[in-house]
2 protein chains.
Amino acid sequence: MAKYAIGIDIGGTNTKFGIVDKDGHILKQDRLLTNEPEGVQDFIDELHTKLLPLIKDAGDIKNFAGVGIGAPNGNYYTGNIEYAANLKWKGIIPFAKMVSEKFGLKTKLTNDANAAAMGEMMYGCAKGMKHFITITLGTGVGSGIVIDGKIVLGHDGFAGELGHTIIRPGGRMHKGTGIRGVLESYASATGVRETALELLAENPDVESLLRDYSINDLTSQSVYECAIKGDKIANDIFEYTGQILGEALANFVMFSSPEAIVLFGGLTKAGDLIINPTRKAMEANLVQTFKNKVKLLFSDLKEADAAILGASALVWE
Amino acid sequence: MAKYAIGIDIGGTNTKFGIVDKDGHILKQDRLLTNEPEGVQDFIDELHTKLLPLIKDAGDIKNFAGVGIGAPNGNYYTGNIEYAANLKWKGIIPFAKMVSEKFGLKTKLTNDANAAAMGEMMYGCAKGMKHFITITLGTGVGSGIVIDGKIVLGHDGFAGELGHTIIRPGGRMHKGTGIRGVLESYASATGVRETALELLAENPDVESLLRDYSINDLTSQSVYECAIKGDKIANDIFEYTGQILGEALANFVMFSSPEAIVLFGGLTKAGDLIINPTRKAMEANLVQTFKNKVKLLFSDLKEADAAILGASALVWE
C-alpha cells in the first residue's frame, strides 16, 4: 500500500525535492542546482541518482504512489514544461513523461507557484481559505491563484503568470521575455539588485554601505543587511520595490477579490521593510469596496516546504 | 406557473429593462435615465411605474418568477449596491431588498458586468466556453470573469473590477475614486473624450475635423466619425486607446488564461479602429505561452440585450 509521494519543486536556481507522507510530513529532503546538469535528461538522471537513497530509506519504490512536480511554466493538463523564461531548457519539454519513464512512477506536474499555493491551502496559512493568491518573491515572481477552493488553471493550464503582468509600461526590459515593465523585473531578487544598481548610479553623492560590496556581490540579501543598519539607499530600494509590488497586488485584488495574499520566497526575509510599503501602496490603489479587507500574509511554511508539499499533494488528488 | 423574469441593467447613464422568457427572448424592453430621479427610492418608483404596463401586457404578475438586476458594484451575496463610483447613490444601498418590497417579487442582484457575462455565456458568443472575460467599454469599463463555467465573485462578491486596475501608474486621475492611471480613465467613452481633448491641445498645428465640434459636443462618437473620414488625430486617439487597452488585456490573460475576451459597449462601434491596435498591444505584451491563442471578440448580442438577458438569468438559477 503506497504511503509516500515524491514532491519536487523546480526553481530558477535550485531544485528541491523530498519524500512526503499522506499527512504532509516531509521525511527527507535534498536539492540540486537546476541549471548545472547539461540538458534536461541529464537533470532528470541526476535527480534520480539523488533520490534513490531517499527512496531506499523509505523502504522501497512500492511504498510510493507517484511523483508530483512544480515547475516554471509547468502545465497540469499536458505534463509539459513550455517556454520557461527562467530555465535553460527551451521550447516544449514533456517533463512529466520523462520523469515517469525514469522513475517508473505515475507523475503529475503543475506550475511551481500553483504547487506552492496548493501547499499553502492544504498545510499552510491559507488552510481553510477558498479565495487567495500566493506570490513567490524569489529569483523570479511566481503566483498561484485559488478561487472557490480550486487552483485557477485557465483554458490551457497556464493561468496565474502574475509575475509577467505589466505594472511600469515602457519600463525595464525583462531579460527572458523582452517585455518591458513587468512585475518580475522589479519585485524579485534580481529586480531588487537592479534597483540597487540604478539608485546607486543615480545618487553618486549619497553615502551608502552598499558601495562597500563589489557589483558581483551585491544581492537582495546585501540590500537587506544594509537596510536594517539604517542605510538610506537600501531602505529606498525596499520602498520602491514595495510601491510597485503594492500597485500590482491592488490589480490582482480587483481581479479575483481574495481573502488573503500569501507572500513567500527570498525577498520576504526583509519582513516589515518590504511588507509596509507594499501594504501602503496596495491600499492606496484599491477602490473603496476592497480597502482594509485583504490580509497580506507571509507564508509560515519553511521556504521550500510549501512547494514540495504542494507538489506531493498532486499525487493524492 | 411562472414563465417570465424581469431583467434590469443599471448603467452609469441609462437603465435598461425588459421582460424575458425562460428561453432568453426579450418580449418587451424600455429604459430610463439612471441619475434623473432624485434618490434611490424615486428611481425604484419610476422603474416600477414604467414596468407595470409591460407586466400587464405579459398577463399578470403571477406569471413572473422574479427580478434579476445587474448594477455597478452590485453584490450577489448581499443584494446591495456598495459605493458605486459611477452612480449618484452613495454608500451601501440594499437595492435588491428595496426592489423586492416594491414589486412583491423575489429579487437577485449582481454586478452589471457579471450579468452581461452571464448573458454572453448563456445566449451570446461565449456560449459553451468555460473560460472567458467580458469587458464593457461604455461610460465606464466593466468586466465579468468566467472561470470553469462560473462567474468569479471572489471572497466578498466584488471580484472583477478590471476597469479599476492600474495600467498607467501616476497617470490620469479617476474622478470617481481619485486613483491615478486606471484602465477606465482611458478605455471608456469618457476616457476617449479626454484623450481627444489632450491630443488636440498638444498638437495645435495639426488640422483636425474634431476642432469643428464644440467641446461640449465632442464625444467618442465624434471621434469615430472623424476617424473613418481619415482624420489623423481621431485615428491617433484610437491607436492610443487600443495600446492601453491591449496592455491591460494582456495582464488579464496572464491572470486567468481565458479562451476569449468578449468586448462590448459603445466604444466597440469603432470596430477595427479599436480592435486592431488593441490586439497588437495585447499580443506584444503576452509571454510566449499565451501568444496567438486568445480570441478577441465583439459581442454579437444587441447592445443592451446581454445585460438584460444575463440579469434575467439570475432568476432561473
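This is a predicted model: local features need pLDDT of at least 70, side-chain atom pairs count only at pLDDT 80 or more; totals for chains, interfaces and linings use all residues.
In which sense do S8(B) and strand S11 (residues 260-264) of chain B pair, and over how many bridges? The pairing is parallel, and 5 bridges hold the count. Within it, Thr134(B) has Val262(B) of S11(B) as its bridge partner.

Strand S8 of chain B covers residues 132-137. S8(B) and S9(B) make a hairpin, with 3 residues between them.

Is S8(B) enclosed or open to the outside? A residue is buried if 20 or more other C-beta atoms lie within 10 Å of its own. By that test 6 of the 6 residues of S8(B) are buried, so the strand is largely enclosed by the rest of the structure. Phe132(B), Thr134(B) and Thr136(B) point one way. Ile133(B), Ile135(B) and Leu137(B) point the other way. Both sets are buried.

Asn35(B) gives another view of chain B. It sits in the loop between strand S3 (26-33) and helix H1 (40-57) of that chain. Asn35(B) has 14 C-beta neighbours inside 10 Å, so it counts as partly exposed. Asn203(B) is 168 residues away from Asn35(B) along the chain, and their C-alpha atoms are separated by 35 Å.

Now turn to chain A as a whole. It has 8 helices and 12 strands. Its radius of gyration is 20 Å, close to the 20 Å that the globule rule gives for 317 residues, so chain A is as compact as a globular protein of that length. Along the principal axes, its C-alpha atoms fill a box of roughly 65 × 45 × 35 Å. Of its 317 residues, 56% are buried. Among contacts in chain A with a separation of 6 or more, 66% join residues 24 or more positions apart.

Chain A also holds an open sheet of 5 strands. The order is S3-S2-S1-S4-S7, with mixed pairing. Strand S3 (26-33) and strand S7 (107-111) are the edges, each pairing on one side only. From one strand to the next, the twist averages 15°. Inside the sheet, strand S1 (residues 4-10) and strand S2 (residues 14-21) of chain A pair in the antiparallel sense over 7 bridges. There Ile10(A) stands opposite Thr15(A) in S2(A).

Which helices meet this sheet? Helix H3 (residues 112-123) of chain A lies across S1, strand S4 (64-71) and S7, running at about 100° to S7(A). Helix H8 (residues 305-316) of chain A packs on the sheet too, touching S1, S2, S3, S4 and S7. The direction of H8(A) makes about 130° with that of S4(A).

Finally, look at the two chains together. A rotation of 180° with 0.0 Å of shift along its axis superposes chain B on chain A, with an RMSD of 0.0 Å. That is the relation of a two-fold axis. In chain B, the C-alpha nearest the axis belongs to Ile167(B), 3.2 Å from it. The same surface serves both copies: 100% of the contact residues of chain B recur in chain A.

How many residues meet across the interface? There are 37 residues of chain B in contact with 37 of chain A. On the chain B side, helix H6 (residues 232-256) gives the most, with 6 residues. That side divides into 17 nonpolar, 13 polar and 7 charged residues.

Key
Residues are numbered from 1 along each chain as its sequence is written. Chains are lettered from A and ligands numbered from 1 in the order in which they are written. Copies are superposed by least squares on the C-alpha atoms of residues with pLDDT of at least 70 in both. Two residues are in contact if their C-beta atoms, placed from the backbone, lie within 7 Å. Helices (H or I, at least four residues) and strands (E, at least two) are DSSP runs, numbered from the N terminus. Ala, Val, Leu, Ile, Met, Phe, Trp, Tyr, Cys and Pro count as nonpolar, Asp, Glu, Lys and Arg as charged, and the others, Gly among them, as polar. Two strands pair if DSSP finds at least two bridges between them. Axes are lines fitted to C-alpha atoms, for helices over the stretch in contact, and angles run from 0 to 180 degrees between N-to-C directions. A residue is buried if 20 or more other C-beta atoms lie within 10 Å of its own, exposed if 12 or fewer, and partly exposed in between; C-beta atoms are placed from the backbone. The radius of gyration is taken over C-alpha atoms; the globule rule is 2.2 Å times the number of residues to the power 0.38.
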